[in-house]
Amino acid sequence: MTLRLRDESKTVIMKNMRTEDKANSNGAFTLLIDADDTLWENNIYFERAIARFISFLNHHAYSPEQVREILNEVERENILTHGYGLHSFAHALVACFERLSVEPVTPELHARIQSFAHAIADHPVEILPNVPETLQHLASRHHLILMTKGAFPEQSGKVERSGLQAYFSAVEIVPEKDEQVYRSVAAKYGLSNDMTWMIGNSPKSDINPALAAGLNAVFVPHGDTWILEHDEIAVPDPPSRLLTVESFGMLRQHF
């Protein structure tokens, strides 16, 4: 995966952040932290389901890559009406099959296709490396708010099963992450832009809209970020700052 900066010459990459950079009385930042593919694995299960779906479709005219492109298009359309999550994903698989298959979708085929999506729900929450100890470090120094998007029952269930909720002072589950949502969350908690950082793996949902809202952002790349979350990383307008780290554990070197 290649994630390019819109203007690399203007990118602010902070090498470190020490106490003298912190402006409030106790030196604490508010850290908004993404969940899926930042704290735990998520997209790899969808990728496996998609691979099974494409193999099951076994299209004779379209290559697997072409089928995936069509599925991506269908998913974009589904998000507008069904939002994010397993229900939307299952709907997209069925819609893609209907668009490409020469045979009608019988109830049996419908159930089989949906089973590819529903199998994802059976996966335990797989915490990414160094996450618990890093959250413990961060929570002892800063205010942590978990901020994730998607279907509320699915996301709240993953938060509970993760065992990580105790590190956070609040959990925000939103249907979408855009500039207005970040502004609303900042207003809800009375956050100061210069003392607030959004941390996550998605340029589209975590980094760019947070910077657009005037917050700071930390990009934590994940090798299997969902393709619909790919985007060029924006250049922050001062005083907003952008930090890039190679892994979640490296946050301990900066906060």
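Q: Which share of the contacts with a separation of 6 or more comes from residues 24 or more positions apart?
A: The model is predicted. A contact here requires heavy atoms within 4.5 Å. Among contacts in the protein with a separation of 6 or more, the share from residues 24 or more positions apart is 75%.

Q: In which pattern do the helices and strands follow one another along the sequence?
A: The protein has eight helices and six strands. Read along the sequence, they give the pattern β-α-α-α-α-α-β-α-β-α-β-α-β-β.

Q: What percentage of the residues count as buried?
A: Buried means under 20% relative accessible area. The protein has 255 residues, and the part that counts as buried is 51%.

Q: Which element gives the most to the largest nonpolar core?
A: This core has 27 residues, and those with the most contacts inside it include Phe89, Leu93 and Cys96. The elements that give two or more residues to the core are helix H1 (43-57), helix H2 (64-82), helix H3 (86-100) and helix H4 (107-118). With ten residues, the element that gives the most is H3.

Q: Which residues does Phe53 touch, not counting residues up to four places away in sequence?
A: Phe53 is one of the residues with the most contacts inside the largest nonpolar core. Leaving out residues up to four places away in sequence, Phe53 touches Leu93, Cys96, Phe97, Ile113 and Phe116.

Definitions and conventions
Residues are numbered from 1 along each chain as its sequence is written. This is a predicted model: local features need pLDDT of at least 70, side-chain atom pairs count only at pLDDT 80 or more; totals for chains, interfaces and linings use all residues. Side-chain values use heavy atoms; hydrogens and water are left out. Helices (H or I, at least four residues) and strands (E, at least two) are DSSP runs, numbered from the N terminus. Buried means under 20% relative accessible area, exposed over 50%, partly exposed in between (1.4 Å probe, protein chains only). A nonpolar core is a set of buried Ala, Val, Leu, Ile, Met, Phe, Trp, Tyr and Cys residues joined through side-chain atoms within 4.5 Å.
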